[in-house]
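Here is a short briefing on one protein model. Keep the sequence and the 3D view open as you read.

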Amino acid sequence: MPRFSVIVPVFKVQGFLRECLDSVLGQSYTDLEVIAVDDRSPDGCPAILDGYAERDARVRVLHLPENVGLGRARNAGLAEASGDYVLFLDSDDRYTPGLLEAIDARLTAADEPDILVFDHVRTHWWGRGGRSEAADLLAAAGTDVVNVRESPQYLRLFLVAWNKAYRRDFFLEHGLRYAPGLYEDAPVTYRSMVLADRIVCLERIGVEYRQRRQGAITRTPGRRHFDIFPQYDGLFAFLEGCPELAWARPLLFERALDHMLFVLAREDRVRPADRPDFYREIRAFHARHLPEGFVPPEGWRGTEMRLLAAAPYASYAAARGLRELRRVAGGGGRKVTREVSRRAHRAWYAACSRRPLDPDLAVYSAFSHQGVLGDPAAIHAKARELAPRLRGVWVVREDAVAGLPPGTDFVTPGSRRFHEVMARATYWVNNVNWPGTLAKRPGSVHIQTHRGTPLKFMGADLLAKPGARYGVDVPKMLWRADRWDYSLVASRHAELAWERAYPCHFTSVRTGSPRNDVLVTAGPEATEAARARLGVPAGNTVVLYAPTRRDYRKGGHVDRIDLARFARDLGDGCTLVVRLHPSLAQGVARGMGLAELHRRGVLVDATDVPRAEDVLLAADALVTDYSSLMFDYALLDRPLVVHADDWGAFTASRGAYLDLMAEAPGHVTRSYAELAELFASGAWRDGESARLRRRFRERFCEFEDGLAAERVVRTLMLGEPMPGRAAGAGRVPSPAGPRSLPVAR
């Protein structure tokens with residue numbers, strides 16, 4: 001008996017069917033059966049299914065004698081299922097890699113619950129969407145086992161069959177079956193959720209939910225959407241026969257009305273001519289099933305539910321139209337208010353600009369005002385040490401204020417004090433561009449630190465890469481860069497690249513990267529402290545995987561490595577740490593498995609660690625593709641591996657300032673098999689690896705000597721000569737790894 005039965009009803013999806021089946025059969029967890037139900041599909045689907053069944057014994061095909069629709073096709077597959085758990089997958093959707101392995105682990109840890117619910121992402125024909133509305137609810141559940149009676153908010157999880165794994169015995173015991181017609185998911189979902197004693201959640205995107213441009217039944221307007229009423233009538237008929245579920249009736253009544261009102265408002269479901277009839281059906285349902293003591297929720301939806309009791313459609317439509325009018329008018333009013341506020345602040349900035357510059361005022365920002373971070377933070381710390389008279393003020397977004405170090409003087413963007421500080425500060429230090437509304441005053445000193453040594457094209461070079469510059473106004477970017485006075489560089493490579501990318505009037509200064517001073521000077525104690533902060537077991541070898549974004553994919557995220565497999569293949573005594581590119585931190589990338597693997601202890605997700613330097617210090621080896629972190633990590637003289645399985649696509653879409661394949665800082669792998677073998681054999685830390693990173697460091701880290709922040713403060717802010725090594729002289733060797741590294745098994 002297999003662990004999982006995946007039931008796939010099939011009808012007119014020949015263009016998507018192979019992708020769907022491959023996503024199931026290619027899972028790392030293989031103890032499964034696929035029951036594909038051919039619902040008398042008139043296209044090439046039956047032949048495709050038969051071909052899969054011939055090649056893979058885990059696939060069974062049921063060819064139905066007549067078309068019965070999605071719900072009954074699922075029922076037919078269920079009758080043949082033999083797995084411990086059943087899952088339903090629509091044949092134009094697909095599973096994400098590693099899903100079934102994660103589900104099995106969660107089910108085992110929770111002692112075989114009745115239902116497991118996981119997340120999804122909508123994949124539109126133009127590209128992948130963002131996080132689902134269920135993501136926060138799934139995250140809040142964590143590893144708890146819940147039930148709806150105690151936690152009714154879980155009734156708000158997405159109303160579909162394919163985001164759940166059902167214990168088969170539970171499903172059969174309660175006679176759960178799908179009815180014919182549209183909205184067949186709703187009664188089964190709600191019945192199962194209120195009947196289940198034990199429900200667990202998996203904060204992981206398990207399904208790529210395809211939003212078809214044409215052909216989706218739920219997005220085709222017509223009378224078929226009236227099917228929603230008999231579906232919910234069936235649910236409430238069931239509830240009336242179960243007095244022990246009386247507690248659930250008010251909850252499900254609210255969810256039913258919410259669903260019906262949602263459908264009524266959708267132009268792609270209910271035609272305008274059908275809306276009066278649809279509304280009357282909602283009112284009739286309301287009258288038939290209104291529970292005693294039902295209280296509508298707060299807000300507009302509650303208002304709609306109250307109108308159902310007495311208001312005819314004309315009154316409801318008038319109320320809805322008035323609400324929409326107020327919303328539009330309110331939005332316009334907010335726009336006017338914002339514009340008035342912006343003009344007032346610009347006037348205040350102009351007024352403050354007539355006052356003298358404050359020679360002791362420096363303003364700092366990093367990563368678009370995300371906090372006290374990066375090179376600006378290192379310069380600020382050194383300025384407080386060497387020149388206490390210099391008063392530093394940080395520009396920080398409101399949502400980042402809570403994470404500031406105690407005692408930080410800060411302003412929020414756009415505030416009155418922000419404009420005053422920007423107008424009076426002599427020193428502006430940033431690793432991105434300042435807003436274009438801020439004019440540079442004569443005598444002010446703008447220091448651009450950048451965010452590392454450039455590998456991929458930046459600035460003006462993006463003009464030759466239309467995909468990479470999508471949404472970027474390059475001329476405006478260069479216009480803002482015209483305010484720079486100094487550009488900090490870590491090597492002559494960086495100097496040439498920045499001057500090419502930003503053809504402006506700044507002076508390149510060979511200081512090194514201030515944030516990297518700690519990497520050059522840190523000893524073993526700093527490494528051990530960084531490892532402890534990440535929760536790495538004592539004595540473990542730490543492998544850091546730091547992928548970058550891809551410009552050839554909308555959203556930037558591309559799964560290059562099965563993280564669970566990589567962590568497993570590294571073996572006992574090794575800890576895999578993952579740090580995503582900052583632009584991917586709030587997208588779907590973590591939901592595709594990273595967050596769930598972190599929670600299970602399979603790996604450590606270090607994406608949210610504020611200082612990248614702390615993560616680099618903890619690592620015994622870095623595996624990356626094309627992240628600029630490689631230039632920083634090279635300072636530690638620890639092994640680097642470049643996993644370059646899509647170098648051609650990356651350079652074609654984004655461009656690169658060097659041939660990384662010819663000048664790599666360590667071994668290069670071009671497939672997962674090569675990467676796994678490199679670590680299994682121990683070659684990742686051999687003599688050739690050391691030779692390659694030494695050559696790489698000599699070229700790309702030549703000005704990094706641990707004195708970069710001091711050099712910036714003394715020479716650019718205090719006007720003093722810099723003691724010690726002159727810019728361009730031989731670099732001070734960085735410390736080697738703190739201990740002898742074991743070979744991963």
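Leu252 touches Leu155, Tyr190, Val194, Leu235, Phe236 and Leu239, leaving aside residues up to four places away in sequence. A second, separate core of 39 residues includes Ala612, Ala634, Leu658 and Ala664. The model is predicted.

- The largest nonpolar core has 66 residues. Leu252 is among the residues with the most contacts inside this core, along with Tyr232, Met260, Phe278 and Ile282.
- Which helix gives the most to this core? Helix α9 (residues 249-265) does, with 8 residues.

**The seven-stranded sheet**

- An open sheet is built from 7 strands. Their order is β12-β11-β10-β13-β14-β15-β16, and the pairing is parallel.
- Strands β12 (410-411) and β16 (507-509) are the edge strands. Each of these two pairs on one side only.
- Strands of a sheet pair through backbone hydrogen bonds, in a parallel or an antiparallel sense.
- Strand β10 (residues 358-365) pairs with strand β11 (residues 391-395) in the parallel sense, over 4 bridges.
- Ala362 has Gly392 in β11 as its bridge partner.
- Helix α14 (residues 416-424) lies across β10, β11, β12 and β13 (425-430). Helix α14 runs at about 105° to β13.

- How many residues of strand β17 (residues 541-546) are buried? The count is 6 of its 6 residues, and the strand is mostly covered.
- In a regular strand, side chains alternate between the two faces of the sheet.
- Thr541, Val543 and Tyr545 point one way from β17. Val542, Leu544 and Ala546 point the other way, and all are buried.
- Strand β18 (residues 574-578) pairs with β17 in the parallel sense over 5 bridges. Val543 stands opposite Leu576 in β18.
- A right-handed β-α-β unit is made by β17, helix α19 (residues 563-570) and β18.
- Strand β20 (residues 621-624) also runs parallel to β17, joined to β17 by 4 bridges. The bridge partner of Ala546 in β20 is Thr624.

**Salt bridges**

- The count comes to 60 salt bridges.
- Side chains of opposite charge can pair when their charged atoms come close.
- Lys382 and Glu385 meet through their side chains in a salt bridge, at 3.3 Å from N to O. Both residues lie in helix α13 (residues 374-386), 3 residues apart, about one turn of the helix.
- Glu385 counts as exposed because its relative accessible area is 53%, and the cut-off for exposed is over 50%.
- Arg397 forms a salt bridge with Asp399. The closest N and O atoms are 3.0 Å apart.
- Arg397 is partly exposed, at 32% relative accessibility. Asp399 is exposed, with a relative accessible area of 62%.
- A salt bridge also joins the side chains of Arg531 and Glu528, at 3.9 Å from N to O. That value falls within the 4 Å cut-off, so the pair counts as a salt bridge.
- Arg531 and Glu528 are 3 residues apart in helix α18 (residues 524-534), so about one helical turn separates them.
- Is Arg531 buried or exposed? Arg531 is buried, with a relative accessible area of 3%, whereas Glu528 is partly exposed, at 39%.
- Arg223, Arg271, Asp274, Asp277 and Arg280 form one network, joined by salt bridges that share partners.

**Backbone points to check**

- Most residues other than glycine have a negative phi.
- Arg40 has a positive phi, near 55°. Arg40 lies in the loop between β2 (32-38) and α2 (45-55).
- Phe367 also has a positive phi, near 50°. Where does Phe367 lie? Phe367 lies in the loop between β10 and α13.
- Phe367 is partly exposed, because its relative accessible area of 26% lies between the cut-offs of 20% and 50%.

Terms used: Residues numbered from 1 in each chain as written. Predicted model: local features only at pLDDT ≥ 70, side-chain atom pairs only at ≥ 80, totals over all residues. Heavy atoms only, no water. Core = buried A, V, L, I, M, F, W, Y, C linked by side-chain atoms within 4.5 Å. Buried < 20%, exposed > 50% of the residue type's maximum accessible area, 1.4 Å probe, protein only. Contact = heavy atoms within 4.5 Å. Pairing = 2+ DSSP bridges. Axes fitted to C-alpha atoms, helices over the stretch in contact; angles between N-to-C directions. Right-handed = clockwise from strand over helix to strand, strands pointing away.
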